[in-house]
Amino acid sequence: MDWFPFCNSLRIAAISTIVVFFLGILAAYYIAKLPRTLKGILDVILTLPLVLPPTVVGWLLLLLLGPRRPVGAWVLETFDLRLVMTWWSAIFATVVVSFPLMYRTARGAFESFDTTLADAGQTLGLSNSYIFWRIRLPYCRQGILAGMVLAFARALGEYGATSMIAGYTPGRTATISTTVYQLWRINDDRGAAIWVLINVGISTVFLLVVNLLESRERQRKKGGRV
């Protein structure tokens, strides 16, 4: 059995999760401080990929990153590097579709933060960066971890945008989701079923982790042990 789709899906999901972790918490932290109207507008824009069909996301990425499109053409001409139809092209797709999950979860965690802790830190002369990384982030860790798990699971199972921007090439760009489709297309139901079971198993584990984190968060809010 060729395990490349599994390994490729894991590295794509892992890299995209690292990217959306930093992008998501920074966006959530600063946007949570904005006026309600501006925050609402940015919320809509940043959350839009969550409700758009994945194929639409893939099409928009192709308009931007394709070899004859603005960014893609410039990168190809300057660095002789194609941004589409490679294994790492899927990272663009998975970052876009998983970012809203990380952003919304992190923003909810930051909004529940007890600001008196930050005020106390400032009176002690602590810097804003120290308060953020050593006080605010640890306090919100359950919500942020849940966002990371959801983002990783979403990236691992992404198909629509990935298939459009990275395609399907065995041993090069294949992922679990694109492999399932290709095996189904050639009537290899047994092979497709194996990959489906693998994906279902992984997704189940991640959902159990999210439920555990949410349970701990509820206990913390009720004054229980974290």
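In which helix is Thr 17 placed? Thr 17 belongs to helix H1. The report below concerns a predicted model, and it moves from the overall architecture to individual residues.

## Overall architecture

The protein contains 11 helices and 0 strands. Read along the sequence, its pattern is accordingly written α-α-α-α-α-α-α-α-α-α-α. Along the principal axes, the C-alpha atoms fill a box of roughly 65 × 40 × 30 Å.

Among the 226 residues of the protein, 41% count as buried.

## Surface and charge

The protein exposes about 12,500 Å², and 65% of this area is supplied by carbon and sulfur atoms. The charged side chains comprise 22 positive and 12 negative charges, whose mean positions lie 5 Å apart.

## Thr 94 in helix H5

Thr 94 is part of helix H5, which spans residues 89-111. Its relative accessibility is 1%, so Thr 94 counts as buried, the limit for that class being under 20%. A polar atom of the Thr 94 side chain lies 3.1 Å from the backbone oxygen of Ile 91.

Beyond residues up to four places away in sequence, Thr 94 touches Ile 12, Ser 16, Ala 155, Glu 158 and Thr 162. One of these partners, Ser 16, is located in helix H1 and is described next.

Helix H1 covers residues 4-31 and includes Ser 16. With a relative accessibility of 0%, Ser 16 counts as buried. The side chain of Ser 16 reaches the backbone oxygen of Ala 13 at a distance of 3.0 Å. When residues up to four places away in sequence are set aside, Ser 16 touches Ile 91, Thr 94, Val 95 and Ala 155.

Thr 17 and Thr 94 are 77 residues apart along the chain, and their C-alpha atoms are separated by 8.6 Å. Leaving aside neighbours within four places in sequence, Thr 17 is in contact with Met 148, Ala 151 and Phe 152.

## Ile 25 in helix H1

Ile 25 is also found in helix H1. At 0% relative accessibility, Ile 25 counts as buried. With neighbours within four places in sequence left aside, the contacts of Ile 25 are Val 20, Met 102, Ala 106, Phe 110, Phe 132, Trp 133, Leu 137 and Ile 144.

A C-alpha distance can also be given from Ile 25 to Ala 93: these two residues are 68 positions apart in sequence and 19 Å apart in space.

## The loop between H4 and H5

Asp 80 is found in the loop between helix H4, residues 70-79, and H5. Although Asp 80 is not a glycine, its phi is positive, near 55°. At 64% relative accessibility, Asp 80 counts as exposed, because the threshold for that class is over 50%.

Met 85 is placed in the loop between H4 and H5. Met 85 is not a glycine, yet its phi is positive, at about 60°. Most residues other than glycine have a negative phi. With a relative accessible area of 37%, Met 85 is partly exposed.

## Cysteines and disulfides

How many disulfides does the model contain? The count comes to 0 disulfides, on the criterion that the sulfur atoms of two cysteines lie within 2.5 Å. A disulfide is a covalent bond between the sulfur atoms of two cysteines.

Cys 7 is partly exposed, with a relative accessible area of 46%, whereas Cys 140 is buried, with a relative accessible area of 3%.

Notes. Residues numbered from 1 in each chain as written. Predicted model: local features only at pLDDT ≥ 70, side-chain atom pairs only at ≥ 80, totals over all residues. Heavy atoms only, no water. Helix = DSSP H or I, 4+ residues; strand = E, 2+ residues; numbered from the N terminus. Buried < 20%, exposed > 50% of the residue type's maximum accessible area, 1.4 Å probe, protein only. Polar contact = N/O pair within 3.5 Å; in protein donor to acceptor, adjacent residues only side chain to side chain. Contact = heavy atoms within 4.5 Å. Areas by Shrake-Rupley, 256 points an atom, 1.4 Å probe, with all protein chains shown as cover. Lys, Arg positive; Asp, Glu negative; His and termini not counted. Charge placed at Lys NZ, Arg CZ, Asp CG, Glu CD.
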